[in-house]
Amino acid sequence: YLKISKLALAFAIIHSKPPGKSSKEYVEYLAKTVSKQDFGWKWKVEVLEAEVLRLRQELLLNRISPRFCLENRKQDTSAETLLGWESTNPTSYSSQLEDSGCDVCNDSAFDSLGIASDFHRSEHNVNSSKRWLERVPPLNLCHTSKEESLTAPVQFLQRLLEIRKLSEGGILQADFSELENDSFTICNSVSQLLDGLTVFYNSPKFPAPGFLTEGVCVLISLITDTKLSNHVLKRCFKKTEEFKKNLIQIILRNRSVNRFQALHSISQTLGLLGRNNILRNSLISVLLAEVRQFAEQLLQAHQVLSSF
């Protein structure tokens, strides 16, 4: 039946092809037309899925702490706040732009991105938490680029972390048991963040975009937070492991001339992830497996050379 269907389709294409165009050209034209339609439908589905996730994120935050969401809606802030992070935080990136193929990194290069310094910064007090609440941008998932698609999970997870801080300071009442009732939202948000970070680490830009720095800081804060890390690791442990493996492969496989600045920041990110007790053991296991594989390759090469 399948062979007969293919044969009938072939005859239909041959009979319906316009004059002056070969059957092969007509088939390629039809294939492009169908693929464009599929791409359009896929894009519409992605937009709808993003909107559903945005609504679920808002609903979850509202269930955890209704007062937090109410106060955020009073603030006159723009969704471009996070995308404009790098313009409002000017930093000297001259050392990162001078990578000519030699490893010219120093330990302060990574700190200039703000990741290490943000990670080691002490907990905010009550006043700084209030200031954070005043500048936090509203949730927005109207994606026009991969940059903006990465800001969506960052914004949601930032709110989650701030609710945690404000609840510890006694400013807000929060019910984090809601995270158990809605594992889909937290899991998808973290997965979206990890996928976005992997994409940007595969094709890094210098100076590093502010939203990339924010994403790494949020991820590290989530993993190190005693309350939230259980929810994140319990549902996203495999995804986190895959993220670490991808970063290691980027370091090992990158052969571009100007690679050292990017690889240095990736290795620093792995180091910060390794500070977590749960992630550290698996990270060491993956690294040792790579070392073992490389040692075996060296042994094989030595045996081949010794035969000559």
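**Exercise 1.** Find what the buried residues of H14 pack against.

*Solution.* Begin with the partners: the buried residues of H14 pack against helix H11 (210-224), H12 and helix H13 (260-273). Contact here means heavy atoms within 4.5 Å, and buried means under 20% relative accessible area, with exposed over 50% and partly exposed in between (1.4 Å probe, protein chains only). Next, name the residues: Leu279, Ser282, Leu283 and Val286 are the buried ones in H14.

A word on the background: this is a predicted model, in which local features need pLDDT of at least 70 and side-chain atom pairs count only at pLDDT 80 or more, while totals for chains, interfaces and linings use all residues. Residues are numbered from 1 along each chain as its sequence is written, and side-chain values use heavy atoms, leaving out hydrogens and water.

**Exercise 2.** Work out how many helices and strands the protein has.

*Solution.* Count DSSP runs from the N terminus, taking helices as H or I of at least four residues and strands as E of at least two. Of the 308 residues, 38% count as buried.

**Exercise 3.** Check the span of H14 against its number of residues.

*Solution.* The expected span is 1.5 Å times one less than the number of residues. For the 30 residues of H14 that gives 44 Å, and the end C-alpha atoms are 44 Å apart, so the two agree. Now try helix H2 (residues 23-64): its 42 residues should span 62 Å, and its end C-alpha atoms are 61 Å apart, which agrees. Buried residues of H2 include Tyr26, Ala50 and Ile64.

**Exercise 4.** Describe how H12 and H14 pack.

*Solution.* Two packed helices are described by the angle between their axes and the distance between the axes. Helix H12 (residues 228-253) and helix H14 (residues 277-306) pack at an angle of about 35 degrees, their axes 11 Å apart. Axes are lines fitted to C-alpha atoms over the stretch in contact, and angles run from 0 to 180 degrees between N-to-C directions. Then look at the residues that meet: Leu233, Phe237 and Ile248 are among those in H12, and Ile278, Leu287 and Glu290 among those in H14.

**Exercise 5.** Is Lys234 buried or exposed?

*Solution.* First locate Lys234 in helix H12. Its relative accessibility is 53%, so Lys234 counts as exposed. Finally, leaving aside neighbours within four places in sequence, Lys234 is in contact with Glu180 and Ser229.
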